[in-house]
Each structure stands twice: as structure tokens, then as C-alpha cells.
Amino acid sequence: MAYARKEWKTFVGAALLLVMASGCASNLPAPADVGQGQASANLTGMVTCRVRTVLPVDAYVQVELVDISRQNAPMRTIAMQEIALQGRQVPIPFSIAYGPAAIDPTHTYAVQVRIVAGQRMLFVNTSTYKVLTNGARSNVEVVVEPIPGSGRVSN
């Protein structure tokens, strides 16, 4: 009987220690804030499509904030968001968190969107949607077009 009481006291003590530790942990900064000391900003918008289509259940939207300043050089990705559609259809809202320190006011930034299912790219934006600098907005509607041969368009 004494052995069972000792186990019970150990259990209660461990549970109290866990509760106290979790209470202290809630006051710690979020992992993104640790050592950075900078705020986060959001680029928001909506992905739309002008053609009627039914997207597969496994489709996802990939939205990238890219630096397009350097001519004849690859775009540099600043931030990205992937959205599993799970049967949802366009329009699809997005919100990309990025660090304002990563944005150079003299550079040009754009949003690049793809809709993918499995290993196939189904839709992509064909126009440039500039954002954030040079008077561009931080909220944008991106229209995607079907990739020829993807077989996803229905009228």
C-alpha cells in the first residue's frame, strides 16, 4: 500500500511540474520571433480562374512572393504558401507571411501562382502581378490560366 502511495505522489508531483512548466512556456516568444526582433507582414489575395473547371480533390495551390528585379537571372523566392484544396474550388484566398526586412524598396516583387495535382501542373498565372513596392498593393487578385494539355478545363 505504501508503494502505491509513493507512485501516486510521484505522478501528482510530475503532473504539477508539467503544468507549471507549460504555464511558463506560454510567455516565450514564438519561434519566428526568437532572435529576429522583427515583425511579420502579410501579402494577401485571391486566386481566381476565368474558365469553369472542377479541380481534383488532391489539388493544391502554391503561391510565391518573388523578387523579379534582376534581369536575365532567376527569380528569388521571398516567401511561399501551399494551400491543400481538399475539394474546394476557386476562388481561393491566400495570405503569405514574410519578413519586412527581406523587402528592398528599390526592388520589384510579384506573386506567382500554380495549381498542381499529383505531379501535374494544371494552372499558372500568365500575367505579372506586381506587389509591395513602387506603389503596388499588398492585396492582389491573381487570375490563373489552364496549362495546355492538362485536361482540366470544362466549359
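Arg76 is partly exposed, with a relative accessible area of 42%; partly exposed lies between buried, under 20% relative accessible area, and exposed, over 50% (1.4 Å probe, protein chains only). The side chain of Arg76 meets that of Asp67 in a salt bridge, at 3.7 Å from N to O. A salt bridge here is a side-chain nitrogen of Lys or Arg within 4 Å of a carboxyl oxygen of Asp or Glu. This is a predicted model: local features need pLDDT of at least 70, side-chain atom pairs count only at pLDDT 80 or more, and totals for chains, interfaces and linings use all residues. Residues are numbered from 1 along each chain as its sequence is written, and side-chain values use heavy atoms, with hydrogens and water left out.

**Confidence**

- The average pLDDT of the protein is 79, and 71% of the residues score at least 70. pLDDT is the predictor's confidence in each residue, from 0 to 100.
- Residues 3–37 stay under 50 in pLDDT. For that stretch the model has two contacts beyond four places in sequence. Contact means heavy atoms within 4.5 Å.
- Where pLDDT is low, predicted coordinates should not be read in detail.

**Overall build**

- The protein has one helix and eight strands. Their order from the N terminus is α-β-β-β-β-β-β-β-β. Helices (H or I, at least four residues) and strands (E, at least two) are DSSP runs, numbered from the N terminus.
- Of the 155 residues in the protein, 30% are buried.
- Among contacts between residues at least 6 apart in sequence, 67% join residues at least 24 apart.
- The accessible surface comes to about 10100 Å², and 57% of it belongs to carbon and sulfur atoms. These areas come from the Shrake-Rupley method with a 1.4 Å probe; for residues, only the protein chains shown count as cover.

**Nonpolar core**

- The largest nonpolar core has 30 residues. Val47, Val61, Phe94 and Val111 touch the most other members. A nonpolar core is a set of buried Ala, Val, Leu, Ile, Met, Phe, Trp, Tyr and Cys residues joined through side-chain atoms within 4.5 Å.
- Strands S1 (41–49), S2, S3, S4, S5, S6 (120–125), S7 and S8 each give two or more residues to this core. S5 gives the most, with five residues.
- Leaving out residues up to four places away in sequence, Phe94 has contacts that include Leu43, Met46, Val47, Val63, Ile83, Val111, Val140 and Val142. Thr44, Gly45 and Gln81 are also among the residues that Phe94 touches.

**Salt bridges and polar pairs**

- The count of salt bridges is two.
- Glu64 forms a salt bridge with Arg114, the closest N and O atoms being 2.8 Å apart. The pair links distant parts of the chain: Glu64 is in strand S2 (residues 60–67), Arg114 in strand S5 (residues 109–117), 50 residues apart. Both Glu64 and Arg114 are buried.
- In the Asp67–Arg76 pair, Asp67 is buried, with a relative accessible area of 7%.
- Gln62 is in strand S2. Gln62 counts as buried because its relative accessibility is 13%.
- A polar contact of 3.0 Å joins the side chains of Gln62 and Glu82. A polar contact is a pair of N or O atoms within 3.5 Å; within protein, one must be able to donate a hydrogen and the other to accept it, and residues adjacent in sequence count only if both atoms are side-chain atoms.
- Beyond four places in sequence, Gln62 also touches residues including Met80, Gln81, Gln112, Val113 and Arg114.

**Loops and backbone**

- A cis peptide bond joins Val90 and Pro91, with omega about 5°. Pro91 lies in the loop between strand S3 (76–84) and strand S4 (92–98).
- Gln86 is in the loop between S3 and S4. Gln86 has a positive phi of about 50° although it is not a glycine. Gln86 is exposed, with a relative accessible area of 67%.
- Leu132 has a positive phi of about 75°, and it is not a glycine either. Leu132 sits in the loop between strand S7 (129–131) and S8.

**Ile147**

- Ile147 is in the segment after strand S8 (139–146). Ile147 is partly exposed, with a relative accessible area of 24%.
- Leaving aside neighbours within four places in sequence, Ile147 is in contact with Met121, Leu122, Phe123 and Val124.
- The C-alpha atoms of Ile147 and Arg120 are separated by 9.5 Å, and the two residues are 27 apart along the chain.
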